[in-house]
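Please open the model in your viewer and keep the selection tool at hand. The stops below go from one selection to the next.

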Amino acid sequence: MRTINIETRTALVASALCLLLLAACARDGARNSPDPSAAGAAIATVDERVVPVKLYEMFLRNGREALSLDERTEDGRRKLGELREGVVAELIDRALITAEAERRGLRMTPEMLAAREAQETTKLGGDARFAEYLAAHNLTREEYRAIVRDMIYGELMTEEALKSVSVTDDEVGKFYDEHRADAWLQQPEQVTASHVLVAARPNIVSERLGREKNLSGDALAAAVRAEIARLKAKAGDLRRRAASGADFAALARENSDDPGSRERGGALGTFARETHTRAFDDAVFRLKPNEVGPVVETEFGFHVVKLHTRHAPRAFSPTEAAPEIRRRLLAERQARVLKDWLAEARRRSRVRISEPYRFGALKNEYPAL
């Protein structure tokens with residue numbers, strides 16, 4: 001068995017995989033990996049399939065940057081060791097999955113590959129940035145397509161695993177009865193509210209006044225303070241009108257600087273805490289139903305807020321909870337199927353690892369190449 005559990009390995013390598021295909025551009029981080037010349041072009045072979053050194057280097061580099069590992073600390077060195085072992089293990093597993101997908105005849109069409117490559121190219125910033133990324137990582141287009149191919153085969157194998165598992169309504173109901181007190185099955189306190197925003201970001205106000213009035217230095221600073229005070233007074237006037245019974249929705253449509261809620265009469269819908277900034281949430285959750293609160297200042301400006309209704313915390317009903325329970329149970333069973341299949345695939349396949357890359361428990365699990 002490996003010295004790192006599957007959850008740790010998945011978290012470590014997922015960071016590397018995400019940055020591998022989604023990074024906007026390459027960065028020149030220190031690599032600190034074994035000398036590729038010591039093992040030729042492969043870190044491992046899986047039934048004669050070569051696992052290239054350059055993929056290991058790329059995953060390791062991206063993982064180190066994603067996790068901000070500091071080798072000067074004991075914890076940083078420990079996590080780096082886990083990452084190195086995890087990257088090798090993950091690349092071997094990916095090769096096993098691709099081989100099994102091909103053996104089962106899972107169909108990946110040229111159109112699927114082209115569409116995914118185009119999607120990833122867009123995420124990287126377009127053709128020019130994509131070419132820069134390939135050059136920075138010493139990858140050819142064919143090598144990049146092989147990475148994308150392995151991703152697609154992984155998804156196809158996941159779909160296959162999902163076909164073999166199911167969750168019955170009785171199992172969902174039983175889980176709910178046993179776990180209804182769990183935190184994730186509780187709906188926190190919520191409120192339904194509206195607001196009017198008077199935008200007052202100092203940097204934007206400063207830029208506008210400097211451009212419009214050709215101001216700078218102390219004169220600009222004084223003008224900014226005066227403008228912020230004017231905007232705050234405007235919010236105060238709107239607040240007084242709302243508290244005196246004016247139509248709140250009409251005030252928002254006519255005066256709010258929030259384009260996302262203005263046309264809805266300032267309606268923010270129903271939400272829990274930590275949905276907005278701390279100052280905004282604190283102010284809203286202190287109000288009573290139908291109360292207009294004091295003007296709230298956030299980094300966006302000044303808010304006039306009205307609370308409509310308050311919703312007490314409660315447990316989700318069985319009907320509300322069922323979709324998420326079913327999703328979690330299916331995911332757990334699917335993961336178990338894949339884990340068991342991979343364990344069997346490792347046992348029956350001929351896997352060899354180049355000596356510089358036989359980290360940790362890999363020394364006992366696989367022979368040297």
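Contact here means heavy atoms within 4.5 Å, while axes are lines fitted to C-alpha atoms, for helices over the stretch in contact, with angles running from 0 to 180 degrees between N-to-C directions. Helices (H or I, at least four residues) and strands (E, at least two) are DSSP runs, numbered from the N terminus. The model is a predicted one, in which local features need pLDDT of at least 70 and side-chain atom pairs count only at pLDDT 80 or more, whereas totals for chains, interfaces and linings use all residues. Residues are numbered from 1 along each chain as its sequence is written, and side-chain values use heavy atoms, with hydrogens and water left out.

Now move to serine 349, in the loop between helix 13 (318-348) and strand 9. Is serine 349 buried or exposed? Serine 349 counts as buried because its relative accessibility is 17%, where buried means under 20% relative accessible area, exposed over 50% and partly exposed in between (1.4 Å probe, protein chains only). A polar atom of its side chain lies 2.7 Å from the backbone oxygen of alanine 345. Leaving aside residues up to four places away in sequence, serine 349 touches Asp47 and Leu96.

For the last stop, select helix 7 (residues 169-179) together with helix 13: the two pack at an angle of about 105°, with their axes 9 Å apart. They are therefore roughly perpendicular to each other, a class that covers angles of 65 to 115 degrees, beside roughly parallel (under 35), roughly antiparallel (over 145) and oblique (the rest). Residues making this contact include Phe175 and Tyr176 of helix 7, and Ile325 and Leu329 of helix 13.

Finally, display the whole chain, which has 14 helices and nine strands, and in which 41% of the 369 residues count as buried.

Note on methods: A polar contact is a pair of N or O atoms within 3.5 Å; within protein, one must be able to donate a hydrogen and the other to accept it, and residues adjacent in sequence count only if both atoms are side-chain atoms.
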